[in-house]
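Hi,

Here is the structure I promised to send over. Have a look at it first, and then read my notes below.

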Amino acid sequence: MAETNATVNQKKIDDCYMPLVHSNSSSINIDDSLSGVDDPIPIIDFSMLISDDPDKQFKTTQDLRNACLEYGSFMVINHELPDNLIMRVYEALAQFFDLRKEEKREYETNDPTDMIRWGKWDGNLLSTEFIKMVVHPTFHCPTKLAGLSEILQECIKRMRELGVQLLRAISKTLGFEECYIEKRMKLESGHDFISANDYQVRLNSENQLGQPPHYDTGLLVLLLPGESNGLQLEHHGKWINVNPQPNSIVVIIADHIEILTNGKYKSLLHRVVLNKKVRRISLPLFLGPSLDTTVSPMPEFVDEHHPPAYLVKTYKESLETNQYQVIDGMSCMKNVRL
Ligand SMILES: O=C(O)CCC(=O)C(=O)O
Ligand SMILES: [Fe+2]
């Protein structure tokens, strides 16, 4: 039964594995060379963003605004998550992925609403293993491995705090008071999930993708990117390699910020290329509104020259349109853009 589900899902992925057209940019063909360009992405020094020195804070808020407008992504340094916490998270996740397949199969499911979901794609086109868990408002985690739950919970709590602070700063970059987005999106009961990914080294030279080009659901994604590169972001029709600084956190603007800002800050197309030398483990946290929150363009971004460009849906409805972010190279945006 489980095998059948995996085969069906693999076929689904293979079927939709085709060039995507970025609505905001040029067409991107995934058959292009997988080697991206090494342009650096913006770096945001978190300690400056929350500095008591108004000049430093102002300057970093401006940098943040430019990063959201120009890249839809930035790398956060000096972010207050202890290095050894991050290291222990990577170790604990590696231990989980190293469990025997039969042990992980307990979490294999075809129901996208399940709170914990494990899966492995090992096809011609895609090679990755993942474990997804809903982590807020209620924290869910496999109990198979002693210690995994505690360490993840601690890390996610801190990542979430960082994410909320970044959303406050983003609120300011849009000209709002800092809690505007937080209150409007009811973040206190926000629906957050994580999706840890294990990308094994792929030795043959074909189809070295760990994840097809896709957009992420939610407001912001905070990513522990692992210690080697592999993540690529679309920028002006080119793929740029993210070369993470040690223990930095990569932030990606996701679909629901695009909807809220009526397209001013755009959701970012990204993909993962497998590293040929080292195994890579990554941990994205998808910060979202509460499930019952209605997400639509904020009135401040709508006028006669900028009519609403998105359908009005609750967060739950938009997750349902994309089967709760099944990795299929799509996003809820295709169903939401008018
Ligand atoms: O592994 C990465 O670097 C990115 C993962 C990702 O984009 C996702 O899980 O949506
Ligand atoms: Fe993603």
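This is a predicted model: local features need pLDDT of at least 70, side-chain atom pairs count only at pLDDT 80 or more; totals for chains, interfaces and linings use all residues.

By class, the shell around ligand 1 has 5 nonpolar, 6 polar and 1 charged residues (Ala, Val, Leu, Ile, Met, Phe, Trp, Tyr, Cys and Pro count as nonpolar, Asp, Glu, Lys and Arg as charged, and the others, Gly among them, as polar). Its members are S195, N197, Q211, D216, L223, P225, G230, L231, H270, V272, S282 and P284, where a residue counts as near a molecule if its C-beta atom, placed from the backbone, lies within 6 Å of it.

Residues are numbered from 1 along each chain as its sequence is written, and chains are lettered from A and ligands numbered from 1 in the order in which they are written.

Overall, the protein chain has 10 helices and 16 strands (DSSP runs numbered from the N terminus, with H or I over at least four residues for helices and E over at least two for strands). Of its 338 residues, 40% are buried, meaning that 20 or more other C-beta atoms lie within 10 Å of the residue's own, against 12 or fewer for exposed and in between for partly exposed, with C-beta atoms placed from the backbone.

Now the sheets. One is an open sheet of 8 strands with mixed pairing, in the order β3-β4-β12-β9-β14-β7-β6-β5 (strands pair if DSSP finds at least two bridges between them). Its edge strands, β3 (43-45) and β5, each pair on one side only. At the β5 end, β5 (residues 116-122) and β6 (residues 127-136) run antiparallel and are joined by 7 bridges, with G119 partnered by F130 in β6. A hairpin through 4 residues connects β5 to β6. Further along, 4 bridges join β4 (residues 73-77) to β12 (residues 249-253), also antiparallel, and V76 has I249 as its bridge partner in β12.

The other sheet I'd point you to is open too, with 4 antiparallel strands in the order β8-β13-β10-β11. Here β8 (209-214) and β11 (238-241) are the edge strands. β8 and β13 pair over 3 bridges, and H214 has H270 as its partner in β13.

What about R271, buried or exposed? This residue of strand β13 is buried, because 22 other C-beta atoms lie within 10 Å. Leaving aside neighbours within four places in sequence, R271 is in contact with L209, Q211, P212, P213 and Q232 (contact means C-beta atoms, placed from the backbone, within 7 Å).

Finally, the core. The largest nonpolar core has 78 residues, and those with the most contacts inside it are F74, L220, V221, L222 and V251; such a core is a set of buried Ala, Val, Leu, Ile, Met, Phe, Trp, Tyr and Cys residues joined through C-beta atoms within 7 Å. Helix α6 (residues 148-173) gives the most to this core, with 8 residues. Beyond its neighbours within four places in sequence, F74 is in contact with I41, P42, I43, I44, L64, A67 and V251.

Cheers

Methods
Two residues are in contact if their C-beta atoms, placed from the backbone, lie within 7 Å.
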